[in-house]
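Please take a moment with the sequence and the three-dimensional view before reading on. The paragraphs after it are meant to be read slowly, with the structure beside you.

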Amino acid sequence: MDRTGEEGRGAPVGRRVVLGLLGLGAVGVAAGPYLQRAESGLAERDPSGLSGLLPGNNGFRYYSVVSSVPERSAADYTLSVDGMVERPATFRLPDLRAMPQRRLVRDVQCVTGWRVPDTPFEGVPLAHLLDAAGVRPGAGAVRFSCFDGAYTESLTLAQARRDDVLVALRMRDNPISHTHGGPVRLYVAPMYFYKSAKWLSGITVTGSVEPGYWEQDGYDVDAWVGRSNGRDDAPTG
């Protein structure tokens, strides 16, 4: 699953949420953009995945590992880079937008089986931020924290430096919405989507890999699509 916010364990879904989702489904085609806005609000409170069955979600499933996540705007969003680096720094959203950007178009693959093909992501190569910070000798991994206050992820340093790993600012040629983990999320194109941490707030260089939120419950740390978690999905890269 994308346990970072497209999928996850979450709390039981309340009766009002379920009834709201069913009602939206009944008027889906006619409601158009009004439905999409309403879906986003319900999806924030829907760890069941029912909202993913509604029209307009384009194949994605929305989940969170917490009951609610505060929104961040350009006025209050920050991303820290620290740990085993020579130059710790904190970046605001305009800082990240001013950096070199890379655009990738790959399939998004969830470990539960659903796939969204040809999804564009655009953002700052993670390697660029690591080089700017100056990784110290002895470092071997990167830990990611999120402003939902709960989710974490990790990559080896070699994985983090791949050219298909982004600190993503845009998805489908639009700014990443809050529901999709915006304004900034991690995007690890060749791995199952739970590695692409939503609501990214911290990048910490460490000595070794620290298992992330779901990996502590048995999910593979190295989550290459088609080569992990006992699945045989086609690679995304």
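What follows goes from the whole chain to its core, its strands and a few single residues.

This is a predicted model, in which local features need pLDDT of at least 70 and side-chain atom pairs count only at pLDDT 80 or more, while totals for chains, interfaces and linings use all residues. Residues are numbered from 1 along each chain as its sequence is written, and side-chain values use heavy atoms, with hydrogens and water left out.

The term pLDDT stands for the predictor's confidence in each residue, on a scale from 0 to 100. For the protein chain its mean is 83, and 75% of the residues reach 70 or more. Over residues 5-56, however, pLDDT stays under 50, and where pLDDT is low, the predicted coordinates should not be read in detail.

The protein chain contains six helices and ten strands; here helices (H or I, at least four residues) and strands (E, at least two) are DSSP runs, numbered from the N terminus. Of its 237 residues, 50% count as buried, where buried means under 20% relative accessible area, exposed means over 50%, and partly exposed lies in between, with a 1.4 Å probe and protein chains only. The chain exposes about 10,200 Å², of which carbon and sulfur atoms supply 51%; such accessible areas come from the Shrake-Rupley method with a 1.4 Å probe, and for residues only the protein chains shown count as cover. If we call it a contact when heavy atoms are within 4.5 Å, then among the contacts in the protein chain with a separation of 6 or more, 66% are between residues 24 or more positions apart.

Which residues touch the most other members of the largest nonpolar core? A nonpolar core is a set of buried Ala, Val, Leu, Ile, Met, Phe, Trp, Tyr and Cys residues joined through side-chain atoms within 4.5 Å. The largest one has 45 residues, and Leu96, Leu126, Leu129, Val167 and Ile203 are those that touch the most other members. Several elements each supply at least two residues of this core, including β1 (78-83), α5 (126-133), β5 (141-146) and β10 (200-206), and α5 gives the most, with four residues. Leaving aside neighbours within four places in sequence, Leu129 is in contact with Leu79, Phe91, Leu96, Met99, Val124, Val167 and Ile203. There is also a second, separate core of 15 residues, which includes Cys110, Phe121, Ala168 and Ala189.

The helix α5 has as its buried residues Leu126, Ala127, Leu129, Leu130 and Ala133. Seen down the axis of α5, these buried residues fall within an arc of 160 degrees, so they line one face of the helix; the arc is that of the directions from the helix axis to the C-beta atoms. Just after α5, Gly134 takes a positive phi of about 75 degrees.

Now turn to β10, in which seven of the seven residues are buried, so this strand is largely enclosed by the rest of the structure. Two strands are said to pair if DSSP finds at least two bridges between them. β10 pairs with β1 in the parallel sense over four bridges, and with β5 in the antiparallel sense over six bridges. Together β5 and β6 form a hairpin with five residues between them, and Gly149 in the turn has a positive phi of about 85 degrees.

A few details of the backbone remain. Most residues other than glycine have a negative phi, and most peptide bonds are trans. The peptide bond from Gly182 to Pro183, by contrast, is cis, with omega near 15 degrees, and Pro183 lies in the loop between β8 (174-175) and β9. Asp173 is not a glycine, yet has a positive phi of about 65 degrees; this residue lies in the loop between β7 and β8 and, at 38% relative accessibility, counts as partly exposed. Trp199, which is not a glycine either, has a positive phi of about 50 degrees and is placed in the loop between β9 and β10, but at 2% relative accessibility Trp199 counts as buried.
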